[in-house]
Amino acid sequence: ENRPATAQYGTLDCRRGWKQIKSQRIAMNTVKFSFKGRSETVTAPESITASALLALARESLQIDDEIVLKLIFKGKTIASSAAADDDEGSKRAFPEGVKMPKGGAKVIVMGTMTSGIATLNSMRSDPLMRGFDEEKLSVSCGYKSGVTSTFWGPKLGSQHPKYKFCRLEECKDASFGTRPTSSTPHAFEARRLLEQLSTDPGVVQVLTSRELVVGCLGEMDPIDDRLMQKKKQEGACLLGYNTNHGLAIHIKLRTDDLSGFRPYNELASTLIHELSHNWVSEHDVLFWTNYGQMRVEYLWKHACLILGGLFVNGKRTASLALIMDMIIFPSDGKDSPSKSKLMDNICQSVINELSGEMAQHHLPVQLVAPAVIGFGKDLMLETQDESIGFGHGQRLGTSSDDENSGLSVRERALAAAEKRAREAKEEK
């Protein structure tokens, strides 16, 4: 009568013992390694360490010790030869509680030769390539919303919010060489030069006073530009061109041998030349008058920054723009020149500059010299003295009773130039 009960208790004792035996066994996982089209399936303890799993993968796949391995499971790195000697190597390869697939854990094995890693580490990265952190910084500084530049300092390194170059476009064509090993400047350097031109205080002043908006300021292709090739066939040299009266302006930034960039003062002069084509297409008296007045305004802005005592990285903006010799002459001495003396120097420099350029078009500079000098004097009077560190100034037109007293300097200068052009035509 007691046998069934004894058998029942015996069965229960056996079950308890089996559970104890199973709890003492090591839980095993099926692991499938995949490496370069080959795969091997092995069994590994559930609590296997990262270093042990690396050794198991190397042994099962017969991988040389010279290859650095990395094991990836479910998109995450669970073991790496680089960290095998650290504390990471003693940690569990498969995190505790992770859900294993029914068919076993599929582990991707990635390997790199130690010689390849050494070669890669010895190479120098391209210093002109922006990193991810620099790209984020450029976006936060308004790189995409507006052109900025650190060349002119934090106070001057931006365009006017309304009157500006809407887009900059460097030449990215690799046909003339923009590789890290090539001698010509990289496209990123051309981009920085365009940013420097577009945020030049003198250029910003010219755009603002004339309320100009230019669609694109771009780099002219130094080799494949068709207009440049056409001019060469005619025996001329094309340094820039204006498309559709300000839709786009392209400047030749690089030298003929592509070894560097043209001097900055020449680039700024070419840019102002092309801006003058926004009104006048032909190189006639009206064009040179307008261009000369724009050059005076450009130089005067830098002269005002000199008078105001502004330095950028220990230098005057005129020195950075390579135009100091056009504003301050050696004969001026060590003392700071007066406003009128600076304007006289500027007008004389611009007239000398125009003399050589107009001679190529068989025009005497005497046709535009009076307008340039008159514009300079009016501009000097119009400039607010407090903006350059002086006392109280006089706004142009406040005390004049002539018929054009309500017009700005630019409007009065253009009206005078048009009048002279009409008189010249009548005389002919």
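Which residues does Arg58 touch, not counting residues up to four places away in sequence? They are Ile63, Asp64, Asp65, Ile67, Leu69 and Ser81, where contact means heavy atoms within 4.5 Å.

Before we go on, a word on the model: it is predicted, local features need pLDDT of at least 70, side-chain atom pairs count only at pLDDT 80 or more, and totals for chains, interfaces and linings use all residues. Residues are numbered from 1 along each chain as its sequence is written, and side-chain values use heavy atoms, leaving out hydrogens and water.

Let's stay with Arg58, which sits in helix 2 (residues 50–61); helices (H or I, at least four residues) and strands (E, at least two) are DSSP runs numbered from the N terminus. The side chain of Arg58 reaches the backbone oxygen of Asp64 at 2.5 Å.

Now look at the hairpin that strand 1 and strand 2 form, with two residues between them. Strand 1 (residues 28–35) and strand 2 (residues 38–45) run antiparallel, joined by eight bridges; two strands pair if DSSP finds at least two bridges between them. Phe35 stands opposite Arg38 in strand 2, and Lys36 in the turn has a positive phi of about 50 degrees.

Further along, four strands make an open sheet with mixed pairing, in the order 6-7-9-8. Its edge strands, strand 6 (168–169) and strand 8 (240–243), each pair on one side only. Strand 8 meets strand 9 (residues 248–251) in the antiparallel sense over four bridges, with Thr243 opposite Ala248 in strand 9. Helix 5 (residues 187–198) packs on this sheet, touching strand 6 and strand 7 (217–219). Helix 8 (residues 264–276) packs on the sheet too, touching strand 7, strand 8 and strand 9.

Methods:
Axes are lines fitted to C-alpha atoms, for helices over the stretch in contact, and angles run from 0 to 180 degrees between N-to-C directions. A polar contact is a pair of N or O atoms within 3.5 Å; within protein, one must be able to donate a hydrogen and the other to accept it, and residues adjacent in sequence count only if both atoms are side-chain atoms.
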